[in-house]
Amino acid sequence: MKHLLKLLDVTGEEIIELLNLADQLKYERKHGIEHACLKGKTLGMIFQKASTRTRVSFEVGMYQLGGSALFLGANDLQIGRGEPVEDTARVLSRYVDGIMIRTFKQAEVEALAEYGSIPVINGLTDFAHPCQVLADLMTIREYKGVLEGLNFCYIGDGNNMANSLIAGGLKTGMRVSIACPKGYEPDETVLSFARAYGDQFKLTDVPADAAANADVVYTDVWASMGQEAEKAAREKAFQGYQVNDALLASAASGCMVQHCLPAHRGEEITAEVFESHAGEIFDEAENRLHVQKAVLKRLMG
C-alpha cells in the first residue's frame with residue numbers, strides 16, 4: 001500500500017490492518033503513551049475544498065505522531081492556475097514527506113500519486129472519501145464488535161460517501177444496501193464492483209427496503225459542496241429519504257445511526273434521531289483522528 005486514493009484500491013485485509021493500528025493508536029493516546037513515529041516528517045495538506053474535520057484531524061494527527069503539517073490553501077498553489085498537477089507533484093515531492101489533498105476531481109489525486117514520489121492521501125474528492133469511511137468502519141466495529149455479517153444501509157445521494165461505503169463495507173464482509181432516488185445512483189464503476197458480490201449488495205429506490213433489519217443506518221447531506229445551485233431540485237428528489245423514527249422502525253433492534261457531518265437536521269435526518277444517536281456520530285467524528293494517524297504511520301512511517 002503506497003497511497004490511499006480510494007477504497008477500491010485497498011484489500012479487505014489492508015483495511016482491517018489499518019483499523020487495528022487505529023485502535024492501538026487510540027488506546028495509546030487515551031493512556032498518555034507517546035508515539036512520535038513521524039518525528040521530523042512533514043505532511044503537505046492541499047485544500048481546494050473547505051473543511052473542519054479533515055484539516056484539524058490531519059494537523060493534530062501529525063503533531064501527535066511527532067511530525068508537522070503544512071496547510072496549502074486554494075490560493076497558495078498554482079494547481080489549476082497555470083501549473084500542471086504533474087509538476088506540482090514533482091516539486092512537493094522534493095519538499096515534504098507526504099501529501100494529503102482535499103479537492104474536486106479524483107483525477108488530480110491520481111495524478112499526484114502517479115507523478116510524485118511520496119505517499120498521497122485522498123482527503124476527499126467528488127468520487128471518494130476513503131478516510132471518512134475508515135473512521136466509519138472503526139466506529140461500527142467499536143460498537144458492534146465485528147464488521148463481517150452486519151447489515152449496513154445507506155440512505156441518500158449516491159455520492160462520494162456512497163461510493164466509498166459500498167467498497168469498504170463489502171470488502172470487510174458486510175451486506176450493503178443502498179437507497180437512492182432514480183438518477184442519483186452511485187458511480188457505475190462502483191456498482192460494477194458491487195455486483196460481483198451477488199446478494200451481499202442491494203440497490204433500491206425504496207428506503208424502507210434498504211433499512212429492513214439494518215444493523216447500521218447511514219446518511220449524508222442531500223447537496224454537497226459545489227451542488228448548492230441544485231439544492232431545491234435535490235430537496236424535491238430526496239423527499240421520503242429522511243432518516244427518521246418511521247424508517248428506523250424497520251431496522252434491527254439496537255441499530256446504529258451514522259452521519260459523516262455536517263448534518264442538516266430536518267432534511268436528511270430528524271433532530272430527534274440525530275440527538276438520540278449523537279454519541280455514535282461524534283465517536284465517528286473523533287475516529288477520523290485515530291484512523292488517519294494509522295494511515296499516516298502506515299504510509300509515512
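**A look inside**

A: Let's start with the largest nonpolar core, which has 56 residues; L4, I121, F152 and L296 are the ones touching the most other members. Helix α5 (residues 130-144) gives this core its largest share, 7 residues. A separate core of 22 residues lies apart from it, with A210, Y241, I269 and V273 among its members. Keep in mind that this is a predicted model.

Back to L4. Leaving out neighbours within four places in sequence, L4 is in contact with V10, V120, I121, N122, P130, C131, L134, V295 and L299.

Now for how the helices meet. α5 packs against helix α12 (residues 278-300) at an angle of about 120°, and their axes are 7 Å apart. Because of that angle, α5 counts as oblique to α12. The crossing of α5 past α12 is right-handed. On the α5 side, the contact is made by C131, Q132, L134, A135, D136, M138, T139, E142 and Y143. α12 brings G279, E280, D283, E284, N287, R288, H290, V291, Q292 and V295 to that contact.

Next up is H259, which sits in strand β9 (residues 256-259). Two polar partners are worth a look. The side chains of H259 and E268 are joined by a polar contact of 2.7 Å, and a polar atom of the H259 side chain lies 2.9 Å from the backbone nitrogen of L261. Setting aside neighbours within four places in sequence, H259 is in contact with Y218, T219, D220, V221, E268, I269, I281 and E284. I269 is one of the residues in the 22-residue core, and E284 is part of the α12 side of the helix contact.

Most residues other than glycine have a negative phi, and most peptide bonds are trans. L261, in the loop between β9 and α11, has a positive phi of about 70° despite not being a glycine. With a relative accessible area of 13%, L261 is buried. The peptide bond from L261 to P262 is cis, with omega near 0°, and P262 is found in the loop between β9 and α11 (271-276).

L124 also has a positive phi, about 155°, and is not a glycine. L124 belongs to strand β4 (residues 120-124). Its relative accessible area is 7%, so L124 is buried.

Note on methods. Residues numbered from 1 in each chain as written. Predicted model: local features only at pLDDT ≥ 70, side-chain atom pairs only at ≥ 80, totals over all residues. Heavy atoms only, no water. Core = buried A, V, L, I, M, F, W, Y, C linked by side-chain atoms within 4.5 Å. Buried < 20%, exposed > 50% of the residue type's maximum accessible area, 1.4 Å probe, protein only. Helix = DSSP H or I, 4+ residues; strand = E, 2+ residues; numbered from the N terminus. Contact = heavy atoms within 4.5 Å. Polar contact = N/O pair within 3.5 Å; in protein donor to acceptor, adjacent residues only side chain to side chain. Axes fitted to C-alpha atoms, helices over the stretch in contact; angles between N-to-C directions. Parallel < 35°, antiparallel > 145°, perpendicular 65-115°, else oblique. Left-handed = near helix turned anticlockwise from the far one by under 90°.
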